[in-house]
Amino acid sequence: MCNNTKLIDSLYIKIYNLFIFSKKKEKKMKKILSLILCLAMAFTMSTALTGCNDDTLYVYTNAEFAPYEFIEGADVVGVDMEIAEAIAEKLGKKVKIVNLDFDALTPQLSNLKDNEIILAGMTITDERKEKADFSDPYATSIQYIIYDNTQSVILDTIAKLEGKKVGVQLATTGDYIMSDFTVDNGYFDLTVNQYSSAQSAALILLKGEIDAVVVDKLPAEMIANNNEKLTAVAASYEVDNENIFASESYGVAVKKGNTELLSTINTVIAELIANGKIIEWTNQYSGIVA
Ligand code: GLN
């Protein structure tokens, strides 16, 4: 148990005892009481600030990745947030969402505490697995190209992006794979412009400042569905008869070595796949009516 929580408990017991035993000295009591309450509040605040809270599951995400996580009104909602709620329920905890830029989630992988997870449509990769442990996959995706369908040259394949400017979301798999496109690496040259979200990249695409955006399938399709000038298609590029845009699997990241939390999460994921909830939420948040 947290030390702060213990302190708060003992303060509340003291307040209670003072009430019982000092009823006569009411005026003095009031002063003591308010002092103690102030102290209790200070401890509560320090508890919140240090994140020392046993009944909270902290969920790190980047709420710019609909249908998995996005902002609706004052809330962060989406498929991943439903999964987070289901995990928290199994653990008997409540969810606290921490919304960061996607590139801030990479260092966070190595900094996770036992009561923290990352749920952000995050693809399980070997590099990321060195920093954190990942759950079983709960969804798969592939990279998509978003292009402006009103242009005379239709940039609907990776091969057509030679010499072009491609927008990506910083530190994502789309960024890593497109940033590899150089003559030195055996491909061809193109320019990669990094943005904090695929939506901001799409806005720049609409302004004509870049030629295409490369991002995961469902976020790409949702962006294209919301703008008639944009179209999204699957990205593919073959090297030695093999498509380098392989299928990606999304997983929940936990602190390395936290096998107990990981197995609870895997149980929840298996249940949510078996009862069709993940598909249901994916349809719901993508606006697909099943
Ligand atoms: N799946 C991609 C990745 O893990 C993009 C995730 C995202 O932008 N939220 O890099």
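What follows is a chat about this predicted model.

Me: What about contacts in the protein chain between residues at least 6 apart in sequence?
Reply: Among those contacts, 71% join residues that are at least 24 apart.

Me: OK, on to the ligand. Which residues are around it?
Reply: The residues around the ligand are Asn62, Phe65, Phe102, Ala120, Gly121, Met122, Thr123, Gln169, Thr172, Thr173, Asp216 and Glu248.

Me: How does that shell split by class?
Reply: Six residues of the shell are polar, four are nonpolar and two are charged.

Me: Which domains does the shell draw on?
Reply: It takes at least three residues from domain 2 (56–140 + 250–286), and at least three from domain 3 (143–246) as well.

Me: Let's look at sheets. What's the strand order in the open sheet of five?
Reply: The order is E11-E10-E12-E9-E13, and the pairing is mixed. Strand E11 (191–195) and strand E13 (230–234) are the edge strands; each has a single partner strand, so one side of each has no neighbour in the sheet. On average, neighbouring strands of this sheet are turned by 30° against each other, direction ignored.

Me: What holds paired strands together in general?
Reply: Strands of a sheet pair through backbone hydrogen bonds, in either a parallel or an antiparallel way.

Me: How do E10 and E12 run, parallel or antiparallel?
Reply: Strand E10 (residues 165–169) and strand E12 (residues 212–216) run parallel, joined by two bridges.

Me: Which residues does Asp211 touch, leaving aside neighbours within four places in sequence?
Reply: Asp211 is in contact with Leu155, Leu161, Lys164, Lys165 and Val166. Gly163 is 48 residues from Asp211 in sequence, with 9.9 Å between their C-alpha atoms.

Me: Now E1. How does it pair with E5?
Reply: Strand E1 (residues 56–61) pairs with strand E5 (residues 94–99) in the parallel sense, over six bridges. Within that pairing, Thr61 has Asn99 in E5 as its bridge partner.

Me: And what joins E1 to E6?
Reply: Three bridges do, and E1 runs parallel to strand E6 (residues 116–118). Here Tyr60 stands opposite Ile118 in E6.

Me: What about the sheet with three strands?
Reply: That open sheet has the order E2-E3-E4, with antiparallel pairing. Strand E2 (64–65) and strand E4 (75–77) stand at its edges with a single partner strand each, so one side of each is left without a neighbour in the sheet. Two bridges pair E2 with strand E3 (residues 69–72), and Glu64 stands opposite Phe70 in E3.

Me: Where is Pro67, and what is the peptide bond from Ala66 like?
Reply: Pro67 is in the loop between E2 and E3. The peptide bond from Ala66 to Pro67 is cis, with omega near 10°.

Me: Switching topic: which loop holds Asp240, and what's its phi?
Reply: Asp240 lies in the loop between strand E14 (238–239) and strand E15 (242–243). Its phi is near 50°, which is positive in a residue other than glycine. Asn241 lies in the loop between E14 and E15 too, and has a positive phi near 65°.

Me: Last one: where is Glu228?
Reply: Glu228 is in the loop between helix H8 (217–225) and E13. Glu228 is exposed, with 9 other C-beta atoms within 10 Å. Thr150 is 78 residues away along the chain, and the C-alpha atoms of Glu228 and Thr150 are separated by 9.4 Å.

Conventions: Residues numbered from 1 in each chain as written. Predicted model: local features only at pLDDT ≥ 70, side-chain atom pairs only at ≥ 80, totals over all residues. Near = placed C-beta within 6 Å. Nonpolar A, V, L, I, M, F, W, Y, C, P; charged D, E, K, R; others polar. Domains from an automatic or database assignment. Pairing = 2+ DSSP bridges. Helix = DSSP H or I, 4+ residues; strand = E, 2+ residues; numbered from the N terminus. Axes fitted to C-alpha atoms, helices over the stretch in contact; angles between N-to-C directions. Contact = placed C-beta atoms within 7 Å. Buried ≥ 20, exposed ≤ 12 C-beta atoms within 10 Å, placed from the backbone.
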